[in-house]
Amino acid sequence: MSAENEFIKYIKETFGDKELVVVTQKEPYVHIAQGKDIKEIKVEKPIGGVNILLDALLRKTGGTMVALASGDADHLMVDQDSKLQVPPWSPAYTLKRIFLSEKEYKGFYYGFSNQTIWPLFHAVFVKPKFHESWWKDYVKVNKKFADSILEEVKGKDAFIWVNDYQFALLPKLLKKQRPDLKVGIFWHIPWPTHEIFRINPWRKEMLEGLLAADFVGFHRGYHMDNFIRCAQRDLGIILDSEPRSATYKNHTSRIGFLPAGVDYDRITDKVSKLKNLNRSIITKNLGVPLKDEILVVSADRVDYTKGIVERLKIIDKMLDKHHDLINNFIFISIGVPSRTNIAEYKTYN
C-alpha cells in the first residue's frame, strides 16, 4: 500500500464521520480570465508540493479545502458562500475561497509570511524584516480564515487540518470559539533554535496559537526539538515525553515529527517507462541534444533557500575533479519564478 493510501485509511479510521476541513494558503485550482471581456475562463494548477499533496488526498477522502483566492476570475466561479466543487472536470470535494484586499494580501503574504517568518525560520542569513503593519495583516487574515471555517462547520463535528507557517494563529482562534473541534497543524518549514527565534517580537503569540492545536507536526526531529525548547523558554510549558506532548494553560498538545516523503513506487514506475522511450523524443522535449551523456534534471521554485546557485558551483567543482565527464554531462535546471514582488527574490532571479 502506498503512503498516500495508508494516510487515507488512517484519516477514515481515526476521524470516522467527522467533517474534514483542510486549510492551506495556496488553492489547487485557479480561474484565470482570457481577454478583457472574460468570454473564456481558463483553469490553472499552481506549482507547489503542499497543495498538490493535499489536493490528491482530498480527491480520495472528500471534504472541504479552505484556501486563498488567487485568480482574477475566481470570484466568478464560486457560489454565494465562496465555494465550488473541484476538480472542475471531476468534482470530488469542496474548495472554499478566501478573498483578500490587495493591502491584506501584501502584508500577510509578501510581508509577514515571506519576509519575516520565511528567512527567520530557514536561518539562511537573509535578514528578516519586522513591521507591525505586516503583523496586523497576518492577524487579520488568520481571523478571516477562522471566521470562514467556523461558519463552514457550524453545528458539525469536525477535524480541521491546518497547513503551514501562514496560519500559526489559527488553532487558537478556532479553539477559542469551538473547544470541541479537533485541530491539527503541520508546519512545513524548519523551526529555528531559540537563539534565532527569540528576535521575533511576536514569538509568544505564535507559540500560543500553535499550542492550542491538539497535534503539532513537523518534518524533522530537530525541528520538533527546537519548537519544544522555544515553548519551554518563552511560555514555560510542561513537557511529557511519552507520548511527546506539551501542556500549556490546561490544554495538552501532542507534538511529533512525520517526514512527508515522496511516493517512491509511483515515481520508479514512471521512470521505468521513460527508459523505453526513444531518445529522440526526450531530446525534442528537453530541447538539448542527447546521445550517451549523463543527464541530471532539477526542478525548484526560484528561492534563495533552494541552493540553486550553490548547486551550480558544486557541478563546476565536480567537473574540475572528473575531467572524463566534460562533454558527457548535461544538467538541466527548471526554475519556477516565485514571490517576484520581493526584492531579495528579484535579486536571486
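How many bridges join strand β8 to strand β9, and do the two run parallel or antiparallel?

1. The model is predicted. Strands β8 (residues 182-187) and β9 (residues 215-218) run parallel, and 4 bridges join them. Look for G184: F215 in β9 stands opposite this glycine.

2. Strand β9 also pairs with β12 (residues 251-257). This pairing is parallel too, over 4 bridges. Here G217 has G256 in β12 as its bridge partner.

3. Now the interior. Nonpolar side chains tend to be buried together in soluble globular proteins. The largest nonpolar core here has 60 residues. I160, W187, W191 and F227 have the most contacts inside this core. Helix α4 (residues 132-152) supplies its largest share, 9 residues.

4. Take F227 as an example. Beyond its neighbours within four places in sequence, F227 is in contact with W191, L207, L210, L211, V216, F218 and I255. There is also a second, separate core of 18 residues, with I11, L20, Y93 and F159 among them.

5. Next, the backbone. Most peptide bonds are trans, and most residues other than glycine have a negative phi. The bond from V86 to P87 is cis, with omega near -10°. P87 sits in the loop between β5 and β6. The bond from E242 to P243 is also cis, with omega near -5°. P243 is in the loop between β10 and β11.

6. Two residues deserve a check of phi. A123 is not a glycine, yet its phi is positive, about 50°. A123 lies in the loop between α3 and α4, and counts as partly exposed at 33% relative accessibility. N250 has a positive phi near 70°. N250 lies between β11 and β12 in a loop, and counts as exposed because its relative accessibility is 81%.

Technical notes:
Residues are numbered from 1 along each chain as its sequence is written. This is a predicted model: local features need pLDDT of at least 70, side-chain atom pairs count only at pLDDT 80 or more; totals for chains, interfaces and linings use all residues. Side-chain values use heavy atoms; hydrogens and water are left out. A nonpolar core is a set of buried Ala, Val, Leu, Ile, Met, Phe, Trp, Tyr and Cys residues joined through side-chain atoms within 4.5 Å. Buried means under 20% relative accessible area, exposed over 50%, partly exposed in between (1.4 Å probe, protein chains only). Contact means heavy atoms within 4.5 Å. Two strands pair if DSSP finds at least two bridges between them.
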